[in-house]
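Subject: Structure for you to look at

Hello,

Here is the structure I promised to pass on. Please open it alongside this message.

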Amino acid sequence: MALKLSGLASILAIAATGAAAEMNFNRISSFATFKNNAEAAAESSAEIISVSGDGLTLVYSDSPLGVLGLIDITDPHNPKPKGNITLGGEPTAVSVLGNVAMAGVNTSQSYTAPSGVLKAYDITTKAELVQCDLGGQPDSTAIAPDGSFIAIAIENERDEDLGDGGLGQMPGGFVVTFDIENGIPACDSMVKVNVDNLAGIGPNDPEPEFVDVNAKGEIVVTLQENNHIVVIDKAGAVLSHFSAGSVDLKDIDATDERGALRFSESQTGRLREPDGVQWIDDDHFAIANEGDMNGGARGWTIFNKNGTEVYEAGNSFEHAIVQLGHYPDKRSDAKGAEPEGMEFATFEGTPYVFILAERASVVGVYDVSNPAVPTLKQMLPSGIAPEGAIAIPARGLFVTANEADLIEDGGIRSHVMIYEYQNAPAAYPQITSEGAETLIGWGALSGMVAGDEAMIYAVNDSFYGYQPTIFTIDTTTFPARITRALPITRGGFPAQKLDLEGITRDGEGGFWLASEGRTDRMIPHGIYNVNAKGEIKQEISLPAELLAVEKRFGFEGITLIDDTLWMAVQREWKDDPANHVKLVSYNTKTKEWGAVLYPKASVGTGWVGLSEIVAHEGNVYVVERDNQIGDNAVIKKVYRIAGDQMVPAALGGTLPVVVKEEVKDLIPDLKANNGYVVDKVEGLAIFADGTAWVSTDNDGVDDSSGETFFWSLGQL
């Protein structure tokens with residue numbers, strides 16, 4: 001059966017119907033770092049990243065393995081592994097000049113006896129060219145634009161488990177520079193720059209974090225824990241220094257309450273404590289205000305090098321993240337989205353600052369043609385925990401290094417992701433709450449149902465257990481727009497003990513909701529009827545026949561056929577044959593329960609289950625998926641069951657087995673996003689004309705990239 005429009009093609013077609021295309025960054029490929037490793041199962045991580053002079057080889061620091069990883073991007077749409085260079089220590093940063101990679105390597109035996117070296121390697125032969133002693137533990141590196149010297153921040157980081165983990169732990173940090181002669185650092189040219197007694201906080205224990213060099217050879221360095229910024233010249237003279245200052249934040253989520261997004265709180269005098277820093281021109285630089293000890297302003301700032309504040313993002317960057325569905329609720333009581341790394345580059349005459357939000361796994365792209373009034377142009381999806389970035393304007397490329405490697409938890413691996421500057425619509429986001437009358441936080445979308453006038457209704461799952469919500473989604477625009485968030489209440493308060501995985505209309509202006517139970521957390525399996533105001537009017541618990549055989553993985557999706565509700569059970573319960581799950585029925589008039597059996601696929605790795613059920617035109621459609629991610633994903637499909645097979649038998653007896661017909665393999669659509677295949681395809685909605693929409697669950701940005709994919713399959 002052919003579909004009229006599918007996958008990414010439908011996204012771009014919808015977008016193309018709007019205004020004329022403009023220049024945008026779109027992800028074109030990704031590279032899993034384990035592909036460089038001799039042992040694929042070994043933990044690895046792409047952290048700081050640089051590029052060869054010809055723009056054809058990426059070089060990233062990999063702290064867990066103690067190596068530099070190399071990637072061939074001769075064809076950036078198809079990056080290839082080039083192997084690793086073993087360093088004999090922990091790399092903290094890398095900068096490349098021409099064909100020479102210069103890495104700061106931490107060789108410290110203890111916090112009180114920090115040590116490190118600067119090593120240079122030919123990236124073609126992988127031969128070590130020189131090793132320079134640094135006299136301390138390095139953090140970041142930066143090469144002057146003219147290639148004449150390299151600057152290194154010597155952090156000599158503190159022991160966070162010693163005492164209260166504060167400053168005052170000796171020895172303090174400093175900055176060093178080396179001349180570069182014939183493309184190689186000259187070890188005998190080292191200049192040690194003392195930055196003691198400059199900061200108002202911990203003046204005797206500076207911890208330089210990040211350095212950058214402008215075209216004049218001036219070095220800007222952030223002292224993150226000291227909340228201070230220093231501008232020095234290559235010879236070591238301090239040109240200026242000043243506090244990074246603080247920000248008064250409002251309309252943020254700042255408490256440790258988890259499971260709800262409520263942006264109604266404030267923080268005054270929040271120290272910026274910047275991490276990344278980048279020159280924009282010879283007079284201005286930007287900082288990413290990640291925070292560490294006592295701060296974290298959740299945004300970014302532009303300063304003149306004389307200390308004058310030129311621009312402050314305030315809560316605007318984080319609000320953009322909220323609208324994108326990438327807000328990390330579990331970090332609300334800490335530093336929110338945590339802007340950490342950054343990059344600056346000019347593409348076709350337009351200067352851009354790229355802000356990397358570590359915890360939100362997203363990159364903000366700002367046009368800084370006017371440093372006093374930056375314009376947010378895009379939000380790019382990244383891998384989990386973007387740490388470093390490099391721009392390659394000559395090739396129209398931008399690259400992120402994403403450090404999280406979740407192999408121990410069976411999750412996605414560390415990735416490098418590549419974006420191209422294109423005369424094309426932005427492919428991401430595919431769904432947003434931007435433009436709503438109030439700020440709407442969202443995430444972990446699960447069940448969906450089609451409404452009238454191209455509207456879809458969706459629910460969130462138990463990740464937001466203190467804020468169960470029905471979202472209204474307008475599918476007539478690209479990206480689709482969340483226009484309303486309707487709280488689900490019980491007795492006038494947000495309903496508790498729900499794990500919403502399904503929604504369908506009740507024909508009377510309200511909805512039926514399916515909640516997946518989890519007995520070990522005292523969350524019951526159940527069906528709920530809510531009115532148009534979101535008030536729960538009826539609660540239906542499972543009959544004894546089902547409760548006797550129930551397991552954790554319960555209802556995933558709900559649909560209504562005449563007077564009968566049908567719920568898909570995700571995985572086998574105690575009485576189910578292997579690789580069969582129940583489709584459970586409940587007649588709202590007679591109160592009778594029943595079921596049929598659905599035959600699901602079996603796979604060698606992980607498990608397969610159902611995650612949605614939708615009735616349309618006399619047939620029933622289900623989403624069947626495995627729990628695998630990336631290259632391991634095998635089953636992400638839509639199947640159809642003829643309606644005449646949906647004849648329930650009594651519970652406790654022999655159940656009829658339905659026959660399924662494959663309608664759509666979703667993996668090609670997921671691959672078209674050029675990241676990695678996500679595991680949780682959770683939502684399916686079908687309009688009266690047969691147009692189908694699919695959505696994924698981003699797990700509330702918990703061990704997830706935060707990406708939500710929401711796209712049309714065209715007409716079934």
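The model is predicted. The protein chain has four helices and 53 strands. Its C-alpha trace spans about 90 × 55 × 50 Å along the principal axes. The radius of gyration is 27 Å, which agrees with the value near 27 Å for a compact globule of 716 residues. Of those 716 residues, 62% count as buried. The accessible surface comes to about 25,700 Å², and carbon and sulfur atoms hold 46% of it.

Now the charges. There are 50 positive and 102 negative side chains. The centres of the two sets lie 6 Å apart. The salt bridge count is 30.

Three of these pairs to look at:

- Arg-158 and Glu-225: their closest N and O atoms are 3.2 Å apart. Arg-158 sits in the loop between strands 11 and 12, and Glu-225 in the loop between strands 16 and 17, so the pair ties together parts 67 residues apart in sequence. Arg-158 is buried at 7% relative accessible area, and Glu-225 is buried at 2%.
- Glu-312 and Arg-272: the closest N and O atoms are 3.0 Å apart. Glu-312 is in strand 24, and Arg-272 is in the loop between strands 20 and 21, 40 residues apart. Arg-272 is buried, at 2%.
- Lys-660 and Glu-624: the N to O distance is 3.0 Å. Lys-660 is in a loop and Glu-624 in strand 48, 36 residues apart. Lys-660 is partly exposed at 24%, whereas Glu-624 is buried at 0%.

One network also turned up. Salt bridges link Arg-158, Glu-207, Glu-225 and Asp-292.

Best wishes

Notes: Residues numbered from 1 in each chain as written. Predicted model: local features only at pLDDT ≥ 70, side-chain atom pairs only at ≥ 80, totals over all residues. Heavy atoms only, no water. Helix = DSSP H or I, 4+ residues; strand = E, 2+ residues; numbered from the N terminus. Rg over C-alpha atoms; globule rule 2.2 N^0.38 Å. Buried < 20%, exposed > 50% of the residue type's maximum accessible area, 1.4 Å probe, protein only. Areas by Shrake-Rupley, 256 points an atom, 1.4 Å probe, with all protein chains shown as cover. Lys, Arg positive; Asp, Glu negative; His and termini not counted. Charge placed at Lys NZ, Arg CZ, Asp CG, Glu CD. Salt bridge = Lys/Arg side-chain N within 4 Å of Asp/Glu carboxyl O.
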